[in-house]
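This briefing walks through one protein chain, going from the whole to selected details. Please look over the sequence and the structure before reading on.

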Amino acid sequence: MPFLTSGLVAQARELGFDAVAIAPAGPSPDHDRYVRWVEAGYGGAMAYLVRHTEAKTDARALLAEAQSVILVGLNYAYRADPALRHDPSRGQIAAYALGDDYHEVMRAALIELDGWLRVQTGRSSHGRVFVDSAPVLERSWAQQAGLGFIGKNTCLIRPGLGSYLFLGGLLVPERLAYDEPPPRLDGERAHAPTGETGHEVQWRMTGGGMGTCGRCRRCLNACPTGAFVSPYVLDARRCISYLTIELRGEIPEPLRPGMGNWVFGCDICQEVCPWNRRGQGVSVHSRLQPHPERLSPPLLDLLALDREGFARRFRSSPVLRAKAAGLNQSPPWDGFLRNVCVAAGNWGDPAAREALAAHLNQSPPLVAMHAAWALGRLAGGAGGDVLATAVDRALEPGVKAAVVAALTGRQAG
Ligand code: B12
Ligand code: SF4
Ligand code: SF4
């Protein structure tokens, strides 16, 4: 139905999506690759990934009558101020979490898109929307549909737009046209993917060249925690995004120094990617614009956040979605302050001493343990007296161990 499809694509654009592509519903692309990844343990404590392996075999498990999978991309790129971005006294929040929660933004627009299609076809049933919310391999489907190619950093890259692109989609019973190239964007250089060669998916460019990672390895070399097992394979357990968002418990100590000042997510493997430097520019979506107080906030401000202040500052953001359903049932405040303590330890400035001491003495064990670690890293041994006083008190065993380790490490150092 080429006519219906072109109307649908135009409607998706109207609703604010920056890219649209459609694939026939059926067995999930790359399912074997996914199962191998889960079985290797790279998903860490993300139990939902294991639960979803079955459901992810075929998109029709979600909507039995589905004939088409509509994939959409929404640009969330913004222009970072390099001075703020690299200031160790400030916390970094990944670009995807600077604006309003994309799940809500995309879900609402996808429901509208389904509504438009239902009016066109007279369908009374509803399509099935997914934005991280269903067992769908979104990157694989997006690549399959021709929305972009998967880079060695495992992100879906759309030439002309880059990888700062949220993905989501809609399963519908209509049979749409699948063989059209992805819609052209202003100034876009890419047409349809021409398929895979060896390990790489290539895009034909208007200049005649191919859009692919080629020999580039920038993302693999730049990852500060060594999270890439190989090109295209990420061990989430080492990824800062996982450590700061998904992991509910203690952050493994050897990985903490590599986390730098990231307090929620990480963008490094996208920042270094040439496809983003050549990207088409910042997001114009009003709800995805960075909230000023989330842009590189001073660590001292973040250390001072109580639960209410935290909830206020991150209202409507993906930060509050990091729910309490993980290993130790900690609410997002605990996990976030844990991250901020690690960033403060990496900063190492004695200016953080009082705030860290307060967390060591008054906060729940998860935060207190990381505050102890950070105190042990303050320049000039500035946290030593706080640790020495604490070690003589009755402490929760995990906190006690962290204080002892911080004192020992400090003396050894
Ligand atoms: C779990 C998860 C994570 C985990 C694991 C990430 C990972 N790389 O596996 C963690 C917490 C680490 C994470 C981090 C991030 N995530 Co995340 N995450 C997810 C989630 C919920 C599931 C992904 C998954 O199943 N991973 C398991 C691996 C095996 O699957 P996969 O990465 O999709 O890889 C498949 C395909 O890419 C394909 N494939 C991979 N390489 C190749 C190579 C070739 C040649 C071929 C043919 C196929 C192929 O096969 C794989 C298996 O099917 C998806 C949403 C969803 N439902 O898909 C979002 C999602 C992938 N995340 C997203 C984002 C934005 C991020 C971050 C940028 C956030 C941040 N700034 O901190 C980082 C990026 C880190 C990175 N380099 O991947 C976006 C990605 C958008 C995009 N343009 O790619 C998604 C799609 C959410 C969304 N709806 O927009 N994430
Ligand atoms: S998001 Fe950061 S930590 Fe994760 S793979 Fe990319 S560079 Fe490494
Ligand atoms: S940085 Fe280079 S290797 Fe990594 S995804 Fe981008 S183009 Fe591919």
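What does the accessible surface of the chain come to, and what percentage of it belongs to carbon and sulfur atoms? The model shown here is a predicted one, and in it the accessible surface of the chain comes to about 17,600 Å², with 53% of that area belonging to carbon and sulfur atoms.

**The chain as a whole**

- The chain has 413 residues, and 54% of them count as buried.
- Its secondary structure includes 17 helices and 13 strands.
- When contacts between residues at least 6 apart in sequence are considered, 73% of them join residues that are at least 24 apart.

**Helix H6**

- Helix H6 spans residues 138-145, and because six of its eight residues are buried, the helix is largely enclosed by the rest of the structure.
- The buried residues in H6 are Glu138, Ser140, Trp141, Ala142, Gln143 and Ala145.
- Just after H6 comes Gly146, which takes a positive phi of about 95 degrees.

**The surroundings of ligand 3**

- The shell around ligand 3 is formed by Gly151, Lys152, Asn153, Ile157, Cys213, Cys216, Arg218, Cys219, Cys273, Pro274 and Trp275.
- Two helices, H7 (218-222) and H10 (274-277), each supply at least two residues of the shell around ligand 3.

Methods. Residues numbered from 1 in each chain as written. Chains lettered and ligands numbered in written order. Predicted model: local features only at pLDDT ≥ 70, side-chain atom pairs only at ≥ 80, totals over all residues. Heavy atoms only, no water. Near = heavy atom within 4 Å. Helix = DSSP H or I, 4+ residues; strand = E, 2+ residues; numbered from the N terminus. Buried < 20%, exposed > 50% of the residue type's maximum accessible area, 1.4 Å probe, protein only. Contact = heavy atoms within 4.5 Å. Areas by Shrake-Rupley, 256 points an atom, 1.4 Å probe, with all protein chains shown as cover.
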